[in-house]
Amino acid sequence: MKKIIVIVTTVLLFVAVNAFFYITITSRLANNFSGTGQLKMVDVAQFLPFEEESELARTGSSLKFEKEDDLPVLDGAAALVPVYASVIENCYPEGTVTYEGGAFSDDNYYGENFAPDSVMQYQNTIRGFDALVDGSVDLFFTAHPSKEQMLSAQEKGVEIEIVPIGLEAFVFFVNKDNPVDGLTSEQIRSIYRGEITSWIEVGGASRPINPLTRIEGSGSQTMMDMFMEGNMINSRNPLSIFGGSIGYSFRYYLSGMVADENVKMLAVDGIYPDAENIRNGSYPITVNFYVVYRKDNHNPNVVRLVEWLLSDEGQAMIEACGYVGLPDEATKL
Amino acid sequence: MSDRQFIRILIIIILIGIIITVAHSIYICYAYQNSSIIQFIAKELWL
């Protein structure tokens with residue numbers, strides 16, 4: 001009998017350890033880990049122009065291209081797919097977004113099957129920028145291109161025009177049940193430097209802080225590196241994985257694209273990242289997003305489209321997409 | 001059950017348990033690096 005009890009206890013011990021891991025960590029790792037899944041930052045199927053059920057900003061436009069016009073080809077970063085897809089919806093004629101095989105599919109390695117003659121492409125930040133430099137894309141919607149991208153364009157002898165078209169906030173977020181609603185910039189830096197390790201030190205619960213980071217080279221991580229002024233530690237207590245997490249991203253991912261009611265954005269220095277605080281500049285970590293084109297692009301519709309994006313109509317569309325438009329004085333070319 | 005049998009069963013159970021736990025931990029390390037942090041935070045337990 002004693003031996004049976006020892007055997008059963010041993011089995012239960014392993015079951016308990018693995019159940020604890022599963023409940024506290026494994027069940028929260030809900031992503032698709034395939035190559036395709038990692039590249040698919042956004043479900044483009046939700047933002048296809050000229051599809052009735054698409055979630056696009058149909059705000060209308062006085063700029064209407066015709067099929068026989070030299071139509072600018074648009075591409076962009078994942079977070080800006082709703083913006084440039086809405087541009088096509090409002091300004092382009094139907095039938096200009098085409099797919100290899102005739103119908104939309106995201107069932108291939110790179111995700112989407114836009115045809116080479118389609119005015120909408122989706123190659124995301126790295127390949128999309130290269131396509132702009134090579135000339136197969138006319139307008140590229142993005143956060144500010146990285147130094148490496150600018151250097152790569154320069155080496156190919158390509159001059160790039162970078163025009164700000166809207167505002168975006170860099171935000172920090174926690175679980176909605178975390179009692180902390182805001183942090184100061186200095187507290188955030190101290191957390192990511194490993195100087196503050198428990199939520200109780202910033203007015204929260206007695207629980208370790210799990211400071212999450214992003215993939216090197218991603219837009220969010222580049223922004224965080226700037227925020228931390230290069231002073232960020234990468235090693236931390238492995239047991240903090242069981243603590244209360246804090247993460248960072250751009251606001252649009254949290255409020256629109258990957259909206260989840262179980263996370264909340266934090267106020268920074270007492271200012272919450274809502275549209276008004278971003279527009280009036282009181283939220284401390286606000287950045288522009290841009291449309292980029294080659295200076296030697298002679299298609300007149302490229303500049304017409306950029307001017308439209310900066311017009312009241314274009315800015316209204318950007319706001320309807322869930323982003324924040326530029327302040328009035330910033331929209332004068 | 002003889003002592004020999006008991007020890008053999010116990011060793012097998014411990015080995016299987018360790019293999020499963022190590023495999024689970026390796027999966028966690030890999031998946032944690034690739035997971036959506038929004039999902040990870042959204043599913044956090046606060047009691």
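Trainee: What covers the buried residues of helix 3 of chain A?

Mentor: The cover includes strand 1, strand 2 (139–142), helix 10 (300–310) and helix 11 (312–320) of chain A. Helices (H or I, at least four residues) and strands (E, at least two) are DSSP runs numbered from the N terminus, and two residues are in contact if their C-beta atoms, placed from the backbone, lie within 7 Å. This is a predicted model, in which local features need pLDDT of at least 70 and side-chain atom pairs count only at pLDDT 80 or more, while totals for chains, interfaces and linings use all residues. Residues are numbered from 1 along each chain as its sequence is written, and chains are lettered from A and ligands numbered from 1 in the order in which they are written.

Trainee: What makes helix 3 of chain A mostly covered?

Mentor: Eleven of the eleven residues of helix 3 (residues 81–91) are buried, among them A:Val81, A:Tyr84, A:Glu89 and A:Cys91. A residue is buried if 20 or more other C-beta atoms, placed from the backbone, lie within 10 Å of its own, exposed if 12 or fewer, and partly exposed in between.

Trainee: Why is A:Phe50 called partly exposed?

Mentor: A:Phe50 has 16 C-beta neighbours inside 10 Å, so it counts as partly exposed. A:Phe50 lies in the loop between helix 2 (35–39) and strand 1 (74–76) of chain A, and its phi is positive, about 65°, although it is not a glycine.

Trainee: Why is A:Asp269 partly exposed?

Mentor: Because 15 other C-beta atoms lie within 10 Å, A:Asp269 is partly exposed. A:Asp269 is placed in the loop between strand 8 (267–268) and helix 9 (275–279) of chain A; its phi, near 55°, is positive in a residue other than glycine.

Trainee: How many residues does each chain bring to the contact?

Mentor: Chain A gives 33 residues and chain B gives 25 residues. The largest share of chain A's side, nine residues, comes from helix 1 of chain A. By class, that side has 16 nonpolar, 13 polar and four charged residues. Here Ala, Val, Leu, Ile, Met, Phe, Trp, Tyr, Cys and Pro count as nonpolar, Asp, Glu, Lys and Arg as charged, and the others, Gly among them, as polar.

Trainee: What is the mean pLDDT of chain B?

Mentor: The mean pLDDT (the predictor's confidence in each residue, from 0 to 100) of chain B is 90, and 100% of its residues reach 70 or more. For the complex, the predictor gives an ipTM of 0.89 and a pTM of 0.75.
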